[in-house]
Amino acid sequence: MQGDVSWGVDLRRDKRLERGALRRYLGAVGLTLLVFLLAAKSTNLPVTLLRWYWTSHGVEITATMAQLVNMASYTASLLLPLLFFVAARRDQGHRPLFPLSRPRKGTLLPGMGVCLGVCTLSNYLSSWIAMLIQRNFPETLPAYRADIPTQGAPMVLGIISAAVLPAVLEELLFRGAILQGARGFGDRFAVFVSAVAFALCHTTVPQLLPALLAGLLFGYFTILSGSLWMTVVIHCCYNLMAAAVELAGTIGGPEAQLRTSAGFAAVSFIWCGLAVLWIIRRDWPELDRYQGPLTLVERLQGMACNVPLLVAAATLCWVTWSPVLGGGGGR
């Protein structure tokens with residue numbers, strides 16, 4: 001009887017300690033998301049001031065200069081929240097936030113096939129959602145198109161800015177710091193938290209669901225491969241495909257863009273199908289199960305009751321949905 005009482009006391013103590021650790025982690029995530037939003041909104045100011053300074057002093061702003069300034073602005077918008085999270089969690093946990101070892105053998109090609117196939121399909125879904133919103137709420141969403149020059153150094157810098165930088169910096173933040181920081185609370189929970197954060201930070205309605213799906217897949221394969229290089233490569237390849245489609249449209253017109261897009265989609269879907277068959281026929285590893293004292297419901301309740309995380313989620317949702325909700329009715 002006394003042993004049962006002691007076990008119950010130990011369980012309550014373990015739960016209290018685990019809840020405290022979870023609260024601190026989720027609070028750091030929430031504050032990091034707010035820093036991300038603040039950095040993304042404020043980095044345009046120094047860019048504008050720099051352009052004004054050059055113009056007022058008669059300096060010609062070349063395409064190369066413009067690309068370099070945009071790259072610096074984007075880098076700052078992701079480095080600031082990344083450094084903030086690392087500083088906030090520097091004394092928490094022993095797991096490395098940035099696992100950069102070689103991916104486990106046999107995971108890269110199947111993972112790339114699955115991710116590219118699903119991301120390509122979700123991109124079509126995103127385009128369909130954007131079309132519906134524009135049809136029913138005209139002029140409520142900004143039309144985004146990658147501004148990539150078509151020749152010389154500006155084109156190279158534009159491709160780096162559109163494809164390489166996002167792959168590296170976003171993976172360091174979301175599949176590195178945020179995902180790895182949550183793995184002590186269960187791998188599945190960590191994948192879910194990092195995917196939700198990744199989706200919220202895209203701040204456009206058409207990209208919410210595609211970003212969530214991509215975040216779930218990227219998190220899953222990061223853990224299975226044991227390396228961030230896995231999803232950095234996959235993310236970069238997908239961005240390069242999107243940049244190639246944009247360049248094809250700029251250089252060759254809508255027909256060339258459609259052919260390029262269809263070609264990439266066909267390759268992605270075939271690769272995805274073959275990868276799924278390969279995974280099904282083999283003893284594919286699974287994510288580690290959570291061995292801590294909190295149930296899944298208790299961990300999700302921790303998310304739902306964490307004030308900094310709720311404030312960050314509400315703010316990002318407002319930024320995402322306000323163009324649509326404030327854009328008036330349909331036609």
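What follows is a conversation about the labels given to some residues and helices.

Modeller: Before we start, please keep in mind that this is a predicted model.

Colleague: Why is Leu22 called buried?

Modeller: Leu22, which has its place in helix α1 (residues 2-42), has a relative accessibility of 3%, and since buried means under 20%, Leu22 counts as buried.

Colleague: What is Leu22 in contact with, leaving aside its neighbours within four places in sequence?

Modeller: Leu22 is in contact with Phe185, Phe189, Leu294, Arg299 and Gly302. For Leu22 and Gly302, the C-alpha atoms are 7.2 Å apart in space, although the two residues are 280 residues apart in sequence.

Colleague: How do you know that the span of helix α5 agrees with its number of residues?

Modeller: Helix α5 (residues 152-182) has 31 residues, which at 1.5 Å a residue should span 45 Å, and because its end C-alpha atoms are 43 Å apart, the two values agree. Even so, α5 has a kink of about 40°, centred on Ser161.

Colleague: Why does Ser161 count as buried?

Modeller: The relative accessible area of Ser161 is 17%, and the cut-off for buried is under 20%, so Ser161 is buried. Not counting residues up to four places away in sequence, Ser161 touches Gln67, Met71 and Pro166.

Colleague: What makes the nonpolar surface patch, and which helix gives the most to it?

Modeller: The patch, of about 460 Å², is made by Phe192, Leu209, Leu213, Leu216, Leu296 and Leu300. Helix α7 gives the most, with 3 residues, while α7 and α10 (296-304) each supply at least two.

Colleague: Why is Phe192 called partly exposed?

Modeller: Phe192, which lies in helix α6, has a relative accessibility of 36%; partly exposed is the range between the 20% limit for buried and the 50% limit for exposed, and therefore Phe192 counts as partly exposed.

Colleague: What is the phi of Thr203, and why is Thr203 called partly exposed?

Modeller: Thr203, found in the loop between α6 (187-200) and α7 (205-225), has a positive phi of about 50° although it is not a glycine. Most residues other than glycine have a negative phi. As for the label, the relative accessibility of Thr203 is 24%, and because buried would need under 20% and exposed over 50%, Thr203 counts as partly exposed.

Methods: Residues numbered from 1 in each chain as written. Predicted model: local features only at pLDDT ≥ 70, side-chain atom pairs only at ≥ 80, totals over all residues. Heavy atoms only, no water. Helix = DSSP H or I, 4+ residues; strand = E, 2+ residues; numbered from the N terminus. Buried < 20%, exposed > 50% of the residue type's maximum accessible area, 1.4 Å probe, protein only. Patch = residues over 30% accessible without salt bridge, like charges linked within 9 Å, V, L, I, M, F, W, Y side chains within 5 Å. Areas by Shrake-Rupley, 256 points an atom, 1.4 Å probe, with all protein chains shown as cover. Salt bridge = Lys/Arg side-chain N within 4 Å of Asp/Glu carboxyl O. Expected span 1.5 Å × (residues − 1). Bend = angle between axes of the 7 residues up to and from the residue. Contact = heavy atoms within 4.5 Å.
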